[in-house]
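Have a look at the model first, then read on.

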Amino acid sequence: MTAGTDTTPQAGPSFSLDEERAAFRKMLLIRRFEEKAGQLYGMGVIAGFCHLYIGQEAVVVGVKMAAKDGDQIVTSYRDHGHMLACGMDPRAVMAELAGRRHGVSKGKGGSMHMFSREKHFYGGHGIVGAPVPIGAGVAFANRYRDDGRVSLTFFGDGAANQGQVYETFNMAELWRLPVVFIVENNRYAMGTSVERSSAQSDFAKRGVAFNIPGARVDGMDVRAVHSAAREAIDWCRKGNGPYILEAQTYRYRGHSMSDPAKYRSKEEVSRMREEHDPIEQVRLRLIAGGVSEDELKKIDAEVRKIVSEASDFATADKEPDPSELYTDVWA
């Protein structure tokens, strides 16, 4: 790969059947987990903010399949899918959503503020645009230690207009930091379309002023994301500096559980579900490759069981002891 900006959505090479199965299982786990989280929110088990990842599963799964063990992930508040893609325990994630003591952050982080050093997941961050400088900081540590790791930093199209993003781009290129800036462009930010909010809606070009190369990819095709992410990660790992990857994706729900999403038509959402669903694309390819419907149903049943157990664990777990208010506080 040479430095430049490719604004044409990239198609990926074919997966093997094993890769298709792995992608199908992981995306399905995220989908079923998020559906259950939505149900628990409606029941009052989950409170506060809750931003679901339904529809965007191919982005983080494709990127994670292209990464190596030790590469870190930093993301925004739409973060449950990223946690599961990192291999975090669904029970601990669901318990955290419910604010329970055995949640991954002891019930004190909730939906938007989880963290796992063991799984190289450095947050969930509730401030719009915050993942970008934090992800660059992680990349600075990688470069300082010369450990060969790459920081995979996710943020949305709405966050792409934040000033801190461009300050970070400048520093990241000056210091040749190994960071892939991944713009999950779901087209509506918090509720305003990119056409209305962004003077330059081709986010792969956002690094041109800083000499950062970029590419645009179909974020509904896990193969395409995997292929583009692998090239971007390789670019960074070789010491070439940062890279921008725009994944054109689509969320099926509103910005958060409190958003009725009246700014787009039901027909548009239905069309995306019917024609571009990332999981259905993989399912059809698996069937075309000779995988039986029974096997796929078995995978779905296994995933549903994992999610059901996570739900049961979270609802049965106790809330944190009040003494936890005084732990993990910087003094």
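## How helix 2 and helix 8 cross

The axes of helix 2 (residues 57–66) and helix 8 (residues 222–237) cross at roughly 45° and come within 7 Å. Axes here are lines fitted to C-alpha atoms over the stretch in contact, with angles from 0 to 180 degrees between N-to-C directions. Helices are DSSP runs (H or I, at least four residues), numbered from the N terminus.

On the helix 2 side, the meeting residues include Val 59, Gly 62 and Met 65, and on the helix 8 side they include Val 225, Ala 229 and Ile 233; contact means heavy atoms within 4.5 Å. By class, ten nonpolar, two polar and one charged residues make up this contact, with Gly counted as polar.

## About the model

This is a predicted model, where local features need pLDDT of at least 70 and side-chain atom pairs pLDDT 80 or more, while totals for chains, interfaces and linings use all residues. Residues are numbered from 1 along each chain as its sequence is written, and side-chain values use heavy atoms, leaving out hydrogens and water.

## Lys 64

Lys 64 sits in helix 2. Its relative accessible area is 22%, so Lys 64 is partly exposed (between buried, under 20%, and exposed, over 50%, with a 1.4 Å probe and protein chains only). Beyond neighbours within four places in sequence, Lys 64 touches Ile 73, Ala 85 and Cys 86.

How values were computed
Helices (H or I, at least four residues) and strands (E, at least two) are DSSP runs, numbered from the N terminus.
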